Amino acid sequence: MIIAYGIFYLTILSYFVCLWKVFKKAEHEPSWAGFVPVYNLFVWLKVIDKPWWWLLLPIVPGVNFVFLGSLPFELFSAFGMS
């Protein structure tokens with residue numbers, strides 16, 4: 001049980017650190033925004049040039065998996081890695 005909690009917290013910490021690095025690379029966004037839970041998704045949408053109302057898509061069941069799965073690919077395209 002303790003190992004599972006450790007893996008869970010390590011995964012969340014790596015998510016925040018990766019977003020911090022991405023926002024630092026984006027240069028026009030504050031890098032500290034990667035550590036603020038909902039605001040980081042809003043900034044992520046600004047980096048990939050998507051409208052703010054996309055922030056509501058993770059609320060819809062079924063759509064949330066597709067939405068959150070497509071965000072990294074949109075980010076790759078935004079940085080020219082497609």
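The 25 residues of α1 should span 36 Å at 1.5 Å a residue, and the end C-alpha atoms of α1 are 36 Å apart, which agrees. The expected span of a helix is here 1.5 Å times one less than its number of residues. Helices (H or I, at least four residues) are DSSP runs, numbered from the N terminus.

This is a predicted model, in which local features need pLDDT of at least 70 and side-chain atom pairs count only at pLDDT 80 or more, whereas totals for chains, interfaces and linings use all residues. Residues are numbered from 1 along each chain as its sequence is written, and side-chain values use heavy atoms, with hydrogens and water left out.

Within α1, the buried residues are Phe16, Leu19, Val22, Phe23 and Ala26; buried denotes under 20% relative accessible area, exposed over 50%, and partly exposed in between (1.4 Å probe, protein chains only). The cover over these buried residues of α1 includes α2 and α3, where contact means heavy atoms within 4.5 Å.

Just after α1, Glu27 adopts a positive phi of about 65 degrees, in a residue other than glycine. Glu27 is placed in the loop between α1 (2-26) and α2 (37-47). With a relative accessible area of 71%, Glu27 is exposed.

A positive phi also occurs at Asp49, again in a residue other than glycine, with a value near 60 degrees. Asp49 lies in the loop between α2 and α3 (63-78), and counts as exposed at 67% relative accessibility.

Terms used
Helix = DSSP H or I, 4+ residues; strand = E, 2+ residues; numbered from the N terminus.
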